[in-house]
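Let's look at this one together, question by question.

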Amino acid sequence: MTETTHSPEHAGQKMNTSSLIFFAAITLLYISFGTVLGFVQGGLPPLLRAQGLDVETVGVAFFLYVPIGLAFLWAPLIDRYHTPLLRPRSGWIVVMQAVSLLGLVVLSTGESWPLGLLFAVGLVVTVAVATMDIALEALIVDSVNERQRAIAAACKISSFCVGAIFGGGVFVALTATIGWSGIFFCMVALGAIALVAALLLGRFERHADTRPPALSLRALVRRPNFLKKLGLTCSLFAAIVSLFALNRVALIDLGMSLEANGWIVGTVGPIVSIAGALLAAACTRMIGTKPVLYASAAGAVATGATWAIAAANMNLELGTIATLVGAGWLASVYTVIYAAILRWSVGPTSATDYAILFSLGNLAGLVAAGIATQLIAHLGWPTFYSMATGLFILVVAIARRDLLDEDSP
């Protein structure tokens, strides 16, 4: 049985109306996704601290991010089981988006609740958005062609940055005006708009008559090149996080105030990231992936070298410039890597494949960040940035052929 779908693929240079609807819908979902995770990462910890909780207790909030790194554990369920009334991928997206909205509504009434109860409900929300993200990525893998994967990558990165600005900055800055409940209702409003957009995605989804076979770990590791792709993904994420993730902490050590760190780096940085991702996607379509990868990697290396110099000379201005400009190069590199992960995930179990690559890549990045903090304490910022830059050069040199191989499995 074959069903007609309105695929966003096409061979021309310009996107048609169907493509615009598709990318608009996934953009809204990514903004909602980024708002929730931006709040978890950048908004909730200072908010809890301002309410008088000690730093150790506030640190529990960061564990809400764990489902993003563990989503691969339940990704096979997305491949195997479908909702009864909606198409396989879009059904999961709609249901999980609705669950996250319900959790946010519940949290809006919980300002005075014990932290444990807040954490439990918050964990339901982050599990839901992590699952929604995996299903959305699987739909994208199944629906877009090679030329449009860079656009999909740019959509995710730029939209996530917009959401992070809202969740990690704007809503928190307005806490005195809108209150605890207002923060969550703002997230609910954005999520509700994204839910409406999610209902449109079913028309783009390709229909399969049979469910994919159960995917065992043994079958996965025996798949040609899968372990290689997983190793490359983890190495790339670890190298990128080592080079870029601690820049805002380094700026504090160079003398930047917390307020300036939040308003300047926390808002301008994501805006530069959006520009970098969109420019990378456009250039990929016009001139190909290779020059974009090389230019982005060169920019990242220049950022690391500049940071080593800035740290050695305690130059706050130079460090700030490196951080802001580097945000654009980081987004550009991520665009190339993310497009490659989408390509590597093509197949009957795309949700599982994507989840394993992306989730374990994120976990590798988190481990690298923890190791980096220990190295910095012993080696200092200048030596650390020199080492991180060298690691980045090595990893990209090893991975470049696979990142540029459009026919790789």
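Reader: Is Arg 89 buried or exposed?
Author: This is a predicted model, where local features need pLDDT of at least 70, side-chain atom pairs count only at pLDDT 80 or more, and totals for chains, interfaces and linings use all residues. Residues are numbered from 1 along each chain as its sequence is written, and side-chain values use heavy atoms, leaving out hydrogens and water. Buried means under 20% relative accessible area, exposed over 50%, and partly exposed in between (1.4 Å probe, protein chains only). Arg 89 has 7% relative accessibility, so it counts as buried.

Reader: Which residue forms a salt bridge with Arg 89?
Author: A salt bridge is a side-chain nitrogen of Lys or Arg within 4 Å of a carboxyl oxygen of Asp or Glu. For Arg 89, the closest N and O atoms of the pair are 3.2 Å apart, and the partner is Asp 142.

Reader: How many residues apart in sequence are the parts that Arg 89 and Asp 142 tie together?
Author: Helices are DSSP runs (H or I, at least four residues), numbered from the N terminus. Arg 89 lies in helix 5 (residues 88-107) and Asp 142 in helix 6 (residues 115-143), so the parts they tie together are apart in sequence by 53 residues.

Reader: Which residue forms a salt bridge with Lys 156?
Author: Lys 156 lies in helix 7 and its partner in helix 6, so the pair ties together parts that are 19 residues apart in sequence. Both residues are buried. The closest N and O atoms are 2.8 Å apart, and the partner is Glu 137.

Technical notes: Helices (H or I, at least four residues) and strands (E, at least two) are DSSP runs, numbered from the N terminus.
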